[in-house]
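Subject: A structure for you to look at

Dear colleague,

I am passing on a structure that I have been reading through, and I would be glad if you opened it beside this message. Please follow each residue in the viewer as you go.

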Amino acid sequence: MTQYIPTKAHKFGIKLWMLVEATSGYMIHFLPYRGKRYEPVPADDTQGSHIVKKIMTEANLFNKNYHIFCDNFFTSIPLVRHLRTLRTYFTGTLRANRQMPQLLRNPQLRENESLFIRQRELMCVAYKERQNRKTVRFVTSAAKASAPAHGHKPVVSSIYSRNMVGVDLNDMMSCIYDDKRKTKTMWK
């Protein structure tokens, strides 16, 4: 059950998928990651999308007009479309290797420039803050396509940043309240 994640500060540990309230950091529901062998992902889905659907179903939060915010591991355009059929809003950042409109894949943006693409309830935004930074891609089913004033971020970027605080707050509080056990034995 112990996972090795080289990019994290604590490289060894138990990986948990968590549903966290956006402002308080309160954990609503969680699932432990048990590995590919015990939790296979359907062929037409990504692991992140599968986890979002599973955790929202187990927490009984579909069809209640909630708004989910996720990072790029969980976000995909088919997931956003699926959640809209279940009356659930979604906003997240999109990885460059995921399915997306061709205009969004390699946009030629200058500093503080945005590109908006909309298809019915789904909106994709590409934004480049500075010349030496990568382009950030957002996908949302809730925010409006409001063009920012020159030199400002798109509204979806501000909404996303404001609501992703809960996950970081939960991580911080989890580290503060460590149980201080020194054992390396994992009991069944």
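Predicted model: local features only at pLDDT ≥ 70, side-chain atom pairs only at ≥ 80, totals over all residues.

The protein contains 5 helices and 9 strands, and, read from the N terminus on, its elements follow the order β-β-β-β-α-β-α-β-α-β-β-β-α-α. Of the 188 residues in the protein, 33% are buried. If you take the contacts between residues at least 6 apart in sequence, 44% of these join residues at least 24 apart.

Which residues of α1 are buried? They are Gly 48, Ser 49, Ile 51, Val 52, Ile 55 and Met 56, and because they cover an arc of only 160° around the axis, they lie on the same side of α1. The parts of the protein that cover these buried residues include the strands β3 (16-20), β4 (27-32) and β5 (67-70), as well as the helix α2 (77-85).

After α1 comes Asn 60, which is found in the loop between α1 and β5. Most residues other than glycine have a negative phi. Asn 60, however, has a positive phi of about 55° although it is not a glycine. With a relative accessibility of 52%, Asn 60 counts as exposed, because the cut-off for that word is over 50%. Arg 120 lies in the loop between β7 (113-119) and β8, and it is exposed, with a relative accessible area of 65%.

Leaving out residues up to four places away in sequence, Ala 143 touches Arg 118, Met 123, Val 156 and Ile 159. Ala 143 and Thr 91 are 52 residues apart in sequence, while their C-alpha atoms are 8.1 Å apart in space.

The other residue is Glu 129, in the loop between β8 (122-128) and β9 (136-140), which counts as partly exposed at 24% relative accessibility. Apart from its neighbours within four places in sequence, Glu 129 is in contact with Glu 111, Asn 112 and Lys 153. Its C-alpha atom is separated by 9.4 Å from that of Leu 109, which is 20 residues away along the chain.

Finally, there is the second largest pocket, whose volume is about 270 Å³. Its lining is made up of Asp 71, Asn 72, Thr 93, Leu 94, Arg 95, Ala 96, Lys 134, Thr 135, Val 136, Arg 137 and Tyr 160. Sorted by class, this lining has 4 nonpolar, 3 polar and 4 charged residues.

Key: Residues numbered from 1 in each chain as written. Heavy atoms only, no water. 1 Å grid on protein atoms, 1.4 Å probe; cavity = no way out; pocket = protein on both sides within 12 Å on 5 of 7 lines; lining within 4 Å. Points joined across faces, edges and corners; volume = space filled by probe spheres on them. Nonpolar A, V, L, I, M, F, W, Y, C, P; charged D, E, K, R; others polar. Buried < 20%, exposed > 50% of the residue type's maximum accessible area, 1.4 Å probe, protein only. Helix = DSSP H or I, 4+ residues; strand = E, 2+ residues; numbered from the N terminus. Arc of directions from axis to C-beta. Contact = heavy atoms within 4.5 Å.
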